[in-house]
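Subject: Structure handover

Hello,

Please find the structure below. My notes on it follow.

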Amino acid sequence: MAHAYTPGLKVTPNTVVIKERRLPLKGNILVKKGDKVKSEDIVAKTELPGNVVPLNVVNILSIAPEELHELMLKKEGESVEKGEMIAQSRGLFGWFKTPVLAPASGVIESVSNITGQVIIRLKPIPVELNAYIDGIVEEVLSGEGVIITSNAMFIQGIFGIGGETEGKLVIAVKDIKDKLEASNIDETMKGKIIVGGSKVTTDALNKAIKVGVKGIISGGVDADDLKNFLGYDIGVAITGHEEKGITLVTTEGFGEIAMAQKTFDLLKKNQGKKASINGTTQIRAGVMRPEIIVTNSNIDSIPKEEKTVCSEEEFIGMCVGDNVRLIRDPHFGEIVKVKSLPVELSIVESETKVRVVEIELEDGKTLIVPRANVETIEK
Amino acid sequence: MAKFDKNKITRIVATDCGSTTTKAILIEKQGDEYRLVTRGEAPTTVEAPVEDVTAGVLNAVTELEELRGIKIIENGKFIKEKTDEKGIDLYISTSSAGGGLQMMVAGVVKSMTAESAARAALGAGAIVMDTIANNDGRRPHEKIQRIRNLRPDMILLSGGVDGGTIKHVTELGEIIAAADPRPRLGSSYKLPVIYAGNKDAIGEIEEILKEKVSLDITDNLRPTMERENLMPSRLKIQVQFLEHVMAQAPGYKKLMKMTDVDIMPTPGAVGKIMETIADIHNIEVVGVDIGGATTDVFSVFKSDEAENEKGTIFNRTVSANLGMSYSISNVFTEAGLDNVLRWIPFKMDEAELRNKVKNKMIRPTTIPSLLEELMFEQAIAREALRLSFEQHKSLAVGLKGVQKQRTVSDMFCQEEENLTLVNMINLDMIIGSGGVLSHAPRRNQSAMMLIDSFLPEGITTLTVDSIFMMPQLGVLSEVHPEAATQVFEKDCLIYLGTCVAPVGNSKYGKPCVEVSLKYKDGKEEKASIPFGEIKVFPLGICEIASITVIPTKEFDMGAGKGNEVVSKVHGGTVGVIVDTRGRRPFNLPESSEERIKSLKKWYTEMSLYPGFER
């Protein structure tokens with residue numbers, strides 16, 4: 001093979017970040033092209049249709065569906081208040097009329113003379129969309145959202161929970177191998193995003209919530225700790241909707257794995273700056289990885305020639321001499337050097353016949369591992 | 001579908017874009033017959049940085065080029081002017097990347113139209129996320145909320161027989177309209193809803209839904225109480241899948257332009273080839289395709305209820321979240337740690353195992369390099385297969401097939417409907433497909449995984465898809481059936497051997513069966529096999545022998561307890577495997593020590609892993 005395709009996560013001090021901010025439904029855009037926005041600024045808003053309350057009026061009044069329209073006091077499209085009479089039976093000689101009261105406030109959406117069902121649509125649910133990162137409005141997607149660009153430090157995580165949040169970065173450990181424990185967290189970290197080392201414990205996560213920490217970045221997390229923290233086990237990696245009041249981004253994976261030195265150093269360099277993070281992870285059906293973005297102060301002059309991060313990236317190859325990360329045992333998590341890329345298939349210990357890479361460990365020993373088990377690190 | 005001069009087709013490339021790996025095969029006409037020449041594979045590239053499925057296709061095809069020594073692609077396009085050194089005549093593909101097709105179905109009565117609708121969707125290759133029915137016990141607002149939360153790719157709405165009342169199906173239409181559903185991928189198009197219910201309600205359904213969804217109307221899938229008509233709905237589902245759903249996945253528009261015929265959903269293609277196998281050999285078959293995200297189970301059984309010429313009923317089920325990479329953590333959760341660990345002949349650290357499983361989930365393309373990791377993955381595979389098969393057995397019941405006649409009295413015979421069509425003692429062949437079965441380092445491992453998870457009874461032939469190419473052959477059979485059949489028979493199906501398993505239980509070490517195997521050369525091998533054993537008799541590929549099994553009075557080989565059975569058995573890469581570990585139920589020893597001792601003995605008899613050889 002001319003090059004070996006291998007997935008890799010982006011860890012870069014400065015790149016152009018492009019963020020598409022899209023409303024779930026068409027709505028109003030509050031900014032225009034070229035506007036300078038802060039992460040917390042609302043850039044678009046819309047209203048989601050309210051929930052509906054179905055009511056079988058025909059059953060309540062014991063009438064035939066075709067009589068319904070005659071007995072309805074409110075028509076399709078009319079507003080009703082909770083408790084307001086919307087229909088009434090004819091009664092006996094004009095007496096003993098049975099009223100039907102609206103169970104909730106809203107608008108009569110439909111009255112069916114086939115099913116006898118009346119559907120009341122509740123008030124719309126307002127949705128506001130913030131900019132998420134500091135930047136410039138590059139494009140307005142008519143009624144649908146905006147595209148914001150910025151110069152930023154950008155780190156892709158491997159797995160996370162919780163949605164978008166922001167706060168100032170605080171390094172809470174001394175070294176990449178340190179665990180982030182409850183004792184590392186104090187009141188001064190309220191509203192901040194804190195950075196740990198090799199793993200974060202359940203106690204630390206709970207303490208962080210108690211203190212009001214907005215987000216945690218860690219090398220790893222134990223599967224058991226995460227299960228204890230969430231109260232359930234994650235079966236399929238589709239996350240981001242958790243409502244624990246904190247966002248977690250892991251950079252290496254599950255277990256106690258030291259954060260890559262480069263990632264740690266980059267976060268340390270940006271200590272005190274505002275970071276936008278998102279734990280949303282989706283490994284299938286349109287892959288999404290968690291991310292950490294720290295925008296640079298000079299967003300006025302975004303260099304156009306640089307490659308973008310979030311729309312289309314360069315094809316990552318692996319060459320002899322490159323540093324790669326082992327992403328499966330043996331030596332899971334270690335950064336090693338590519339020694340050779342044999343073309344022919346080889347047999348590894350499990351007797352699996354695969355394309356392999358020869359790697360050199362830190363102590364100089366060499367090892368043959370499947371190419372699928374290494375991940376490139378940006379040069 | 002484009003027209004081809006089949007006689008001029010001599011070189012074919014077929015790919016299957018799975019959720020984890022993209023597999024490519026090269027087929028060439030050699031003399032008078034079509035044969036598999038080589039295969040290539042590459043990680044599926046729906047993830048950043050590439051986010052374009054065609055990159056994975058080109059990588060996999062590049063491997064074909066290197067291995068075959070010809071040029072197939074130039075400037076990212078297939079070379080269509082073919083010579084000896086370059087180019088191809090036909091490029092076809094299947095796909096399950098992007099999470100496959102996820103549907104909701106709705107019908108008036110849960111066990112009638114709603115069940116028929118579910119069958120139509122499953123047969124078209126979809127994952128059925130939920131089935132909504134007027135009588136499903138949920139209140140209307142709960143159904144509305146459910147539709148909103150699930151965000152399917154498509155909805156199939158059915159209900160009511162033609163000429164019957166339109167009230168109930170209209171109510172379902174109102175529920176869908178009230179939910180105002182949004183598609184899962186992209187917000188720029190309306191959600192496709194296929195209506196296949198009472199034709200008298202078409203006007204009402206149009207009025208209710210036309211503005212809110214992309215409504216497509218087709219024939220009623222249950223025109224009368226006694227008749228199912230699933231094919232028009234299936235065809236509509238496949239068209240909508242291509243036009244709306246697949247077109248939203250990264251790079252698919254490009255891939256659709258590259259293929260010479262429509263891309264087929266992988267499960268639809270595999271189902272087609274499974275039916276063909278049962279047809280050619282006139283046998284009852286259970287097939288499985290275990291992927292990274294989902295596991296599909298197919299079965300073809302003979303039944304008095306069948307309407308086709310062969311008298312068979314085909315069923316497919318899909319276990320949406322049981323798979324070996326993306327869904328591996330879910331298998332672990334659903335099966336439970338104890339069920340997974342019962343297959344491992346040594347102790348493992350539980351917390352570490354949970355981390356390993358989760359790490360495979362978030363880095364789904366990694367491969368077990370260490371033996372211990374392979375054994376662990378194969379233990380999980382056994383549980384994924386077992387759970388998927390259990391699901392299949394519970395769904396493969398009652399009214400089945402493309403079109404089916406039933407009497408009204410049958411309709412109300414609920415007890416009969418709940419009986420599974422899967423009859424293990426009648427089953428002739430199990431076919432395994434999917435990475436973990438097709439690419440197991442030793443074929444013996446595939447055989448053992450199939451036995452442990454499907455628990456065949458009586459005499460059952462075991463086969464695997466040699467290199468995982470059934471999806472490609474399924475789509476090829478649509479375009480060029482001759483080429484597909486030839487490659488399938490010569491290069492695809494690998495015979496592992498035959499499993500001989502008496503039904504019944506006893507104590508380990510007590511007498512179970514007397515087995516006598518007569519080889520073609522007249523040689524005879526006899527053995528008395530006690531309960532709780534696995535015994536392998538050598539019988540090579542393409543060899544057939546005659547077997548006589550005399551069970552003790554506690555055991556049944558299909559002819560009644562204690563009765564002798566004489567049959568022909570197929571050889572294969574493993575041979576004839578006599579499994580006396582018990583059935584109905586199958587249990588492993590309770591004590592950890594005894595269990596590990598037994599596993600070691602069985603694995604050694606099967607020469608399963610390095611260090612466990614006879």
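The domain assignment of chain B lists domain 1 (6-97), domain 2 (100-258) and domain 3 (265-323 + 355-406 + 421-503 + 532-539 + 576-605); such bounds come from an automatic or database domain assignment. The centres of domain 2 and domain 3 of chain B, taken over C-alpha atoms, are 31 Å apart.

This is a predicted model, in which local features need pLDDT of at least 70 and side-chain atom pairs count only at pLDDT 80 or more, while totals for chains, interfaces and linings use all residues. Residues are numbered from 1 along each chain as its sequence is written, and chains are lettered from A and ligands numbered from 1 in the order in which they are written.

For the complex, the predictor gives an ipTM of 0.85 and a pTM of 0.82. The pLDDT (the predictor's confidence in each residue, from 0 to 100) averages 88 in chain B, where 92% of the residues score at least 70. In residues 400-407 of chain B the pLDDT is below 50, and this stretch has 24 contacts beyond near neighbours in sequence. A contact means that the C-beta atoms of two residues, placed from the backbone, lie within 7 Å. Residues 409-418 of chain B also have a pLDDT below 50, with seven such contacts. Where pLDDT is low, the predicted coordinates should not be read in detail.

Between the chains, 51 residues of chain A are in contact with 52 residues of chain B. The side of chain A that touches chain B divides into 28 nonpolar, 11 polar and 12 charged residues. Here Ala, Val, Leu, Ile, Met, Phe, Trp, Tyr, Cys and Pro count as nonpolar, Asp, Glu, Lys and Arg as charged, and the others, Gly among them, as polar.

Regards
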